[in-house]
Amino acid sequence: METTHKIRVLIAKPGLDGHDKGAKIVALALRDAGMEVIYSGLHQTLEQIVQTATQEAVDIIGLSIMSGAHLPICKRLITMMKKQGLDDIRLTVGGVIPYQDIPGLKEMGVAAVFPGGTSFEDIITGMNNLFE
Amino acid sequence: MPEIKDILLGNQRAGARMIRLIEEGSPKAFPLLKQLYPHSGNAFIIGITGSPGVGKSTLMDALILEFRKRDKRIAVIAVDPSSPFSGGAILGDRLRMQRHATDEAVFIRSMASRGQTGGLSRATKDTAIVLDAMGYDIILIETVGAGQGEFDIASLAHSTGIVSIPGTGDGIQAVKAGILETGDVFIVNKCDRPGADASVHALTMMIGMRNRGTQLSNPSPKWTPLVLKTKALDGTGVDELADTFLSHFDFLKKNSLTDQTKRTQETLYFKSLLNDLTLEKIRSFMEASPKYDAVLKKIQTHEMDPISAAEHVVNTMIILK
Amino acid sequence: MGVAKYTKDERGAIKEVTYQSGIRVKPVYGPEDLKKAGFTYEQDLGAPGEYPFTRSIHPQSYRSRAWTTRQYTGFGTPEETNERFKLMIANGQNGLNVAFDLPTQMGYDSDHPLAEGEVGRVGMAIDSLKDFETAFAGIPLDKIGSGLTINAVATIMMAMYQAAAEKFGYSKDQISTTPQNDILKEMIGRGAWIFPVEHGVRLVGDSIEYAVKELPKSNPVSICGYHIRESGATPAQEIAYAFEIAKAYIDNVTARGIKPEDFVGRFSFNFNVYGNLWEQIAKFRAARKLWAKMLKTEYGVTNKKTLFLRGLFGGGGSGLTKEQPENNIMRGAYYALGAALSGAQTTALCSFDEAYTIPTPRSALLSLRTLEMLMDEVGLRDTVDPLAGSYFIETLTLEMEEKIVEEMKEVQKWGGMTKSISEGFIQRKVSRQAYEYEKGLQSGEYRKVGVVPTSESGDSPDQETEKTAVELHEYNQEWAEKSKANLKELRRTRDNKAVTKSLKDLETAARGSDNVMPHLVNCCHAYATVGEMAGVFRDVFGEWNEPDFY
C-alpha cells in the first residue's frame, strides 16, 4: 500500500476567551504546510478537547490561550490526557504567553510553546521537529 | 497498535487509531480490518451530501441530537476537501457538532478528501467498517458532492440525503448532475427563506418523472424519494427527517433490499481492493527492476519521451498469456 | 515596510504605495486631484459642526473641550476595581471604562466549572448587584459616565448599573452608561457571544428601546469597528461593517415602531487607530461624513445632533509588538496623534504591555500621560481639523469614502449584516485577510519596527529587554475564592422566593416579545445572579453555533 503520513493537529480554544484570530491564522498556515487541521471552535471545555483529540487521533494538540490562564489549563489538560492514555499526542500551546512561563510549561509536559509573535515557519518547524 | 477487542468493545481511542492506520494506508491496517469485517454489517449508513453553504454540518448536528433522543449510538464521518496546493486541510465540519464531543455514544471523525473527487475513497468505506464493528447503530457520512469514480455515496450508504436550499437551483443542479438517481431523501434546508415551497415543488415533480421512468422497467418494490423541509439551525423538520431515514431503512429491510445493497456494495469493495492491490503489486514489481531505472534515466537525459518509456516498460515487463 | 504595501526601486526609492483599504497613494498631490475628485468645500467639508461633519461634530472641537479619556479599567474583585476607579478619577480621568472578567462576559457565575482559573483575571468578577454596589461605591454616578465593556449579557449589566445607582439614591434619568452591547462584532471578532444571532440582536434592540424610554442620558450601544479591525479587517471594512451592524440594530428597533430620529443619536462607536497615519485620519473624516449622510438619506433623520458620529477612537492593540515592548510607548503616541488629528471626541490608548498581560497601574498611567501631552503640551487643541484643505488628505478622504461604500455594498449583496455573520461570509473574508497580512508581516512585505525580519536596521527582538521592561500582572486565586464565598453567602441570605419569581417573569418576557430590561432590573434588585439571568436566556434562546472560517 502507498502510505501517506500527514500530521494531524487539533487547534483548540479552551475556556471562555474568544480571541480566535491567532488560532484561525495558525490553522490556515498549518494547512498550507500540508497538515490536516481540526479546528475546535470557541469556548471548549477541556473534556471536549480531550475527546476530540481522541476521536480524531491527532498527533498534536495546539492550544491557543490569550487570557493568561495557560498554566492552570495546561496542567489540568495534561492530567486528563494521561488518564485517557493519550500518551502519544504532543501538547503545544500558543497565545499570550510570557517567556517567564515557558520553563514551567515545559516542565509539566508541554512539548512546545509558541508565544504570540512566533513566525509561522517556526511553528511549522517546531511541530515537525516533535517527531524526529 | 489498536487491539481488536478494544475496537469491538467500542473503545474510541482504539477505533480512532485504527482509522488512522487506514487513512495512512498502513500495512498494519489489513490484518485488523479482516478481523473486523465479520462484525460489520449491522449499522444503518446514511450519506448526507450537498453543495457548500447549504448547512450540511448544522443538519448533521441536529440529526445527531435527534437520533440521540431515540437512544441510537451515532458515528459521523465528516469529509472536507484537501487543499490542492499543499495537500493539507482544515477539517471544520465538526465545529458545528462539538456539543456532542463528550457524549460517549457519539463518535465524530473528520477526514480530508486527499484528492478524491467528492471526498469518498476506499478509506471512507474501510472507516465505515470500523465504526460499524464498534457497534454504532447509525453512521452518518457528510460529503461535499456525491462522489464520483469508484465510490459514490450510494455505494457506501443505505440511504442518501441530498441537501439544498431555496432559490439557488441546487436541487435542479443535482438532477442535471445525475445525483437525482442517488437521492432517497431530498432536504430543502433553511426552509424559512423565500422560495422553499417552490424548491420542494420542483424537486417533487422531478422525482415523479424519474419514478415513472423506472417503474416500467423495474417491477420490484420501489422507494419513492421524499422531499422534506428543514431548518437545521433550530431543528425544525429534523424529527421528520430522522423518521424518514429510519422508515427508508425499514423499507429496505422489509423488501430484502439491504441484502441486495450489501451484495452490490461488497462487489464494488472487492473490485476496488483488486484495483489497488493489483496496481500496488505491479508497480512495486516494476520499480524493483533494473529496467525501470534505466528507462527513468533515459527520460531524464531526454533520450526517450515519457510516453514511449511507459509503453516500453509495460510491454516488455508484463507478458500476459 | 509599514502597514501599507510599498514597492521600491533598486536604489530604495519608493515607487508605489498601497494602503490596506486598497487606495494607491501618489508621490505628490495638488489642486488638480481635488478637481478630479469633484471636491467642493460646501458639499464635502462644510464648517466644523455643520453637515456633513467631515471636519468635526463640534464647531470649536478641542478649543472648547479636550477629548475625554477612558482607559480600560477593572480587574480582580469589585473592591480592587473600586480603588482603581478612584485612582483614575483622581488622576484626571473623566469617564470610566469598565472591564469584566470572562465568566461575567459569558454569563457564568464565579462558581461555575467553566469559570475556573478565570475569575477576576481580565476584568472584575460580577455575580450580583452586591458586587456592583461595592465597585461603584463613592463614585458620583451623576457626574461620571461609565462604559461597560460587555456584550452578550450587556442587558444584564445595564440593568445592574441602574439597580446599583438606584440603591445609591440616584434616579435612572441621572445616570449615564454606555454598555458596549455590540453582539454582532463579537461574532466577527472578539468571540464573547452566547446566543444565536437573531436573539442576540433582539437583546440589543430591547436595550435600545429601554434606553429611549427610560434612560435619557445613557447610550445603549457602542458599535465596535475596533475589534473587527483587530480581527483582520481593513480600515475601510472596519467602518463599513460597523455601519452595516448599526443598520441591523436600527432595523430591529424601528420594527418596534420607534423612529430612527428618536434613538440613533444615542449610538456611539468604538474605532481603532492602528495603521497608516494618513489612512486613519481619512478614515475618521470619511466616517463622520458617511454616517451623517446615511442617516439623513436612508433613515430620514433631520435633527442635526442626531447625525453626529460619536465615539471612542483609540486603542491600537494590533499594532503592539511583543518584541521590544517599550517601542509600543512611542507607537501608541503616534496612534494617539492620529486620533487627535482626526478630531477624536473620546479616546483611550492600549498600554505598552498589553501584548503580554493586562495593563499594570504604571503602564495605564503612562497611556493617560501620553494622551495629556497631545492636548496640553504640544498643541493639538490649537485649531479645529488642522489638516483640512490638504490636497492629499481631502483626496484620500474622498477615496476612503468610496471604499467604505463599496464594502457596505458587498454586505448588502450578501443579504445584510445579520445574514453575513450567521453564514460566516464576513468571518471568512476577515480571517483570510488576517492570514495574508500576517504572512506579509513575516516575509517583510509589511513592516513593524523591532519585529523580525527587520534587516534594515539590524535590530532583533531582545528577550532580555522584554523581561525587564514588562512587569506582569499576577493572577490571584484568592479572587475566585472570595467571589465563591460571597456567592454562597448571597444565596443563603437573599429572598430566594423573590429571586425565583423575578426569574420566572424574565423567562416569560424572553419567550414572548416583551422587553426584557424592566424584568432584568427586578432580577438585579432581588439579587439574582448573572449566571441565573443568563441561564434563563440560555434556556430560552439556546447557544450560537459558529460557522466555519476558511
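**Exercises on a predicted three-chain model**

The axes of helix H6 (residues 154-167) of chain C and helix H20 (residues 517-525) of chain C come within 8 Å and cross at roughly 60 degrees. The model is predicted: local features need pLDDT of at least 70, side-chain atom pairs count only at pLDDT 80 or more, and totals for chains, interfaces and linings use all residues. Residues are numbered from 1 along each chain as its sequence is written, while chains are lettered from A and ligands numbered from 1 in the order in which they are written.

**Exercise 1.** Describe how H6(C) and H20(C) cross, and list the residues that make the contact.

Step 1. Helices (H or I, at least four residues) and strands (E, at least two) are DSSP runs, numbered from the N terminus. Axes are lines fitted to C-alpha atoms, for helices over the stretch in contact, and angles run from 0 to 180 degrees between N-to-C directions.

Step 2. Angles under 35 degrees count as roughly parallel, over 145 as roughly antiparallel, 65 to 115 as roughly perpendicular and the rest as oblique. H6(C) and H20(C) are therefore oblique to each other.

Step 3. H6(C) contributes C:Thr155, C:Ile156, C:Ala159, C:Met160, C:Gln162 and C:Ala163, and H20(C) contributes C:Met517, C:Leu520, C:Val521, C:Cys524 and C:His525. Residues are in contact if their C-beta atoms, placed from the backbone, lie within 7 Å.

Step 4. Sorted by class, the residues of this contact of H6(C) with H20(C) are 8 nonpolar, 3 polar and no charged. Here Ala, Val, Leu, Ile, Met, Phe, Trp, Tyr, Cys and Pro count as nonpolar, Asp, Glu, Lys and Arg as charged, and the others, Gly among them, as polar.

**Exercise 2.** Work out the strand order of the 7-stranded sheet in chain B, and find its edges.

Step 1. The order of this open sheet is S4-S2-S5-S1-S6-S7-S8 (chain B), with parallel pairing. Two strands pair if DSSP finds at least two bridges between them.

Step 2. Strand S4 (106-112) and strand S8 (226-229) of chain B each have a single partner strand, so one side of each is left without a neighbour in the sheet.

Step 3. From one strand to the next, the twist averages 20 degrees.

Step 4. Strand S2 (residues 74-80) of chain B is joined to S4(B) by 7 bridges. B:Ile77 stands opposite B:Arg109 in S4(B).

**Exercise 3.** State which elements of chain B touch chain A, and which gives the largest share.

Step 1. The contact takes 29 residues from chain B and 28 residues from chain A.

Step 2. On the chain B side, H2, strand S3 (89-91) and S4 give two or more residues. The largest share, 6 residues, comes from H2(B).

Step 3. The chain B side divides into 11 nonpolar, 11 polar and 7 charged residues.

Step 4. Strand S2 (residues 36-39) of chain A pairs with S3(B) in the parallel sense over 3 bridges, and A:Ile38 stands opposite B:Leu91.

**Exercise 4.** Name the edge strands of the 3-stranded sheet in chain C.

Step 1. The strands of this open sheet follow the order S1-S2-S3 (chain C), and the pairing is antiparallel.

Step 2. Strand S1 (5-8) and strand S3 (24-25) of chain C are the edge strands, as each pairs on one side only.

Step 3. Between strand S2 (residues 14-18) of chain C and S3(C) there are 2 bridges, with C:Val17 opposite C:Val25.

Definitions and conventions:
Two residues are in contact if their C-beta atoms, placed from the backbone, lie within 7 Å.
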